[in-house]
Amino acid sequence: MEILNQIVITDNIKLIRIKQDFDEEKLKEHLKKLKDKEIEDYLGFSENIEEEIEDIKGKIERKTNIYYAIYKQDEFIGWFYLYDIKERYRRANLSLGIQKDMRGHILSLDMVKSLLENLFSMGFNRLGLEIEDTNVKSLKLAKHLEQIGFQYEGKLRDNYGENINSHVWSLLKREYIK
């Protein structure tokens, strides 16, 4: 699979790949902008940014995750990453974190479609979403994603600890509705 270094969503929004030789200080500053309880809870971020940086380095090195910084013009506003990547099967799960003041304003179905088209063009066949049942905002977004072909697959009980369930959706390239 050919992994893109940059994904252009609109004239104003672009994703820049975070590679193995990334600038740790810059990434720390970016992560501080995203630091809030929702991000820690729903994206599994460590409260300790140093630990988070080490975790990111390891996942990039092992090629299990691909990270992108999201910029609106030249301002960092969030990040997107692919995790549990199985290149052999051309599949990955998606995760997104937007800084608090931009949530609900930056994402549109057109932007999501553009991102999906880029991911499918890289060679992915299956893209998955996994959302904890306590993350009400993201669950509402997932319902909109069903309009473009995401299929609800079910609930994973106690997936992230006792009484923390997650819901799973997936989208296959052949089912994607443009």
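Tyr71 and Phe76 are both buried, where buried means under 20% relative accessible area, exposed over 50% and partly exposed in between (1.4 Å probe, protein chains only). This is a predicted model: local features need pLDDT of at least 70, side-chain atom pairs count only at pLDDT 80 or more, and totals for chains, interfaces and linings use all residues. Residues are numbered from 1 along each chain as its sequence is written, and side-chain values use heavy atoms, with hydrogens and water left out.

**Aromatic rings**

A pair of aromatic rings is described by the distance of the centres and the angle of the planes. Rings of Phe, Tyr and Trp (its six-membered ring) pair if their centres lie within 6.5 Å; planes under 30 degrees apart count as stacked, over 60 as edge-to-face and the rest as tilted. The structure holds eight aromatic pairs. Two of them are set out here.

| Pair | Centre to centre | Angle between planes | Class |
|---|---|---|---|
| Tyr71 and Phe76 | 6.1 Å | 75 degrees | edge-to-face |
| Phe120 and Tyr176 | 5.7 Å | 50 degrees | tilted |

The pair of Phe120 and Tyr176 links distant parts of the chain, 56 residues apart. Phe120 belongs to helix H4 (residues 109-121), while Tyr176 lies in the segment after strand S8 (166-172). Helices (H or I, at least four residues) and strands (E, at least two) are DSSP runs, numbered from the N terminus. Phe120 counts as buried because its relative accessibility is 4%. Tyr176 also counts as buried, at 10%.

Tyr67, Trp79, Tyr81 and Tyr83 form one aromatic cluster. Elsewhere, the charged end of Lys143 sits over the ring of Tyr152, 5.8 Å from its centre. That description requires NZ of Lys or CZ of Arg within 6 Å of the ring centre and within 35 degrees of the ring normal.

S5 covers residues 91-98. Six of its eight residues are buried. Two strands pair if DSSP finds at least two bridges between them. Strand S4 (residues 75-86) pairs with S5 in the antiparallel sense, over seven bridges. Lys86 stands opposite Arg91 of S5. The two strands form a hairpin with four residues between them. In the turn, Arg90 has a positive phi of about 55 degrees. S5 also runs parallel to strand S6 (residues 126-132), joined by three bridges. There, Asn93 has Gly128 as its bridge partner.

**Helix H3**

H3 spans residues 49-62. Its 14 residues reach 20 Å from first C-alpha to last, close to the 20 Å expected at 1.5 Å a residue. The expected span is 1.5 Å times one less than the number of residues. Asn48 caps the N-terminal end: a side-chain oxygen lies 2.8 Å from the backbone nitrogen of Glu50. Ile49, Glu52, Ile53, Ile56, Gly58 and Ile60 are buried in H3. Their cover includes strand S2 (13-18), helix H1 (24-34), strand S3 (66-72) and S4. Lys63 follows H3 and has a positive phi, near 60 degrees.

Thr64 lies in the loop between H3 and S3. At 28% relative accessibility, Thr64 counts as partly exposed. Leaving aside neighbours within four places in sequence, Thr64 is in contact (heavy atoms within 4.5 Å) with Lys59, Leu82, Tyr83, Asp84 and Ile85. The C-alpha atoms of Thr64 and Ala92 are separated by 9.0 Å, with the residues 28 apart along the chain.

How values were computed:
Polar contact = N/O pair within 3.5 Å; in protein donor to acceptor, adjacent residues only side chain to side chain.
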